Amino acid sequence: MPERVEPCALASEFTAALARQQKLAERREEVVTRLHDEVERLRRGEMETALDLVRHSLIRLHDQILRQAEHVTGPLGVDELRALLTALADEAADTVARTGVERYAPQPGEAYDMALHRPVGRVAAEGPEADRTVARVVAAGFVQGERVVRKADVVVSRWEPDAS
């Protein structure tokens with residue numbers, strides 16, 4: 001008879017161990033679900049924080065534009081209009097900089113770099129040393145650390161020796 005009791009006792013122990021493992025698995029699942037929900041809540045909060053930064057910066061830009069508009073009392077000369085638009089562009093670049101993205105403006109004569117520059121035009125180079133260099137910047141680029149957010153639009157100098 002003891003032999004029959006032993007398998008029943010083993011079966012009972014196994015059933016109890018299995019029940020404990022099931023409860024542990026359910027608790028793990030609850031913890032994982034709770035942690036997942038918390039991570040999602042934090043992500044939404046981070047996104048809102050980032051968007052708030054952009055929103056507030058754009059609101060400041062909006063206010064700056066309106067302040068500038070209040071000072072316009074008559075027709076603007078070319079120099080005044082250029083200065084006003086440049087100031088607004090600088091304010092927009094400052095707004096973008098608050099998000100961690102910096103304006104990058106290559107210098108004329110700088111070597112053309114396809115990772116940083118987008119060619120939008122081509123002009124004849126004055127000599128072979130100016131071949132494949134930036135002749136003129138059409139639009140600044142923007143970078144975030146090593147990451148290029150937008151390449152700078154540039155006109156590239158190209159040397160073409162006379163064919164004659």
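Trainee: In which strand is the place of Ser157?

Mentor: This is a predicted model, in which local features need pLDDT of at least 70 and side-chain atom pairs count only at pLDDT 80 or more, while totals for chains, interfaces and linings use all residues. Residues are numbered from 1 along each chain as its sequence is written, and side-chain values use heavy atoms, with hydrogens and water left out. Elements are DSSP runs numbered from the N terminus, helices being H or I with at least four residues and strands E with at least two, and the run that holds Ser157 is strand β6.

Trainee: Is Ser157 buried or exposed?

Mentor: The classes rest on relative accessible area, with buried under 20%, exposed over 50% and partly exposed in between (1.4 Å probe, protein chains only). Contact means heavy atoms within 4.5 Å, and, not counting residues up to four places away in sequence, Ser157 touches Val123, Ala125, Ala130, Asp131, Arg132, Thr133 and Ala135. With a relative accessibility of 8%, Ser157 counts as buried.

Trainee: How many of the 7 residues of strand β6 are buried?

Mentor: Strand β6 covers residues 152–158 and is largely enclosed by the rest of the structure.

Trainee: Which strand runs parallel to β6, and which pairs with it in the antiparallel sense?

Mentor: Strands pair if DSSP finds at least two bridges between them. On the parallel side, 7 bridges join β6 to strand β2 (residues 117–124), and Arg118 has Asp153 in β6 as its bridge partner. On the antiparallel side there are 5 bridges, with Val137 partnered by Val154 of β6.

Trainee: With which side chain does the side chain of His117 make a polar contact?

Mentor: His117 is found in strand β2 and is buried, with a relative accessible area of 1%. Leaving aside neighbours within four places in sequence, His117 is in contact with residues including Pro106, Glu110, Lys151, Ala152 and Val154. A polar contact is a pair of N or O atoms within 3.5 Å, where within protein one must be able to donate a hydrogen and the other to accept it, and residues adjacent in sequence count only if both atoms are side-chain atoms. At 3.1 Å, the partner of the His117 side chain is that of Tyr104.

Trainee: How far apart are the closest N and O atoms of Glu40 and Arg43?

Mentor: Both residues lie in helix α1 (residues 2–70), 3 residues apart, about one turn of the helix. Glu40 is partly exposed at 26% relative accessibility, whereas Arg43 is exposed at 52%. They form a salt bridge (a side-chain nitrogen of Lys or Arg within 4 Å of a carboxyl oxygen of Asp or Glu), with their closest N and O atoms separated by 3.1 Å.
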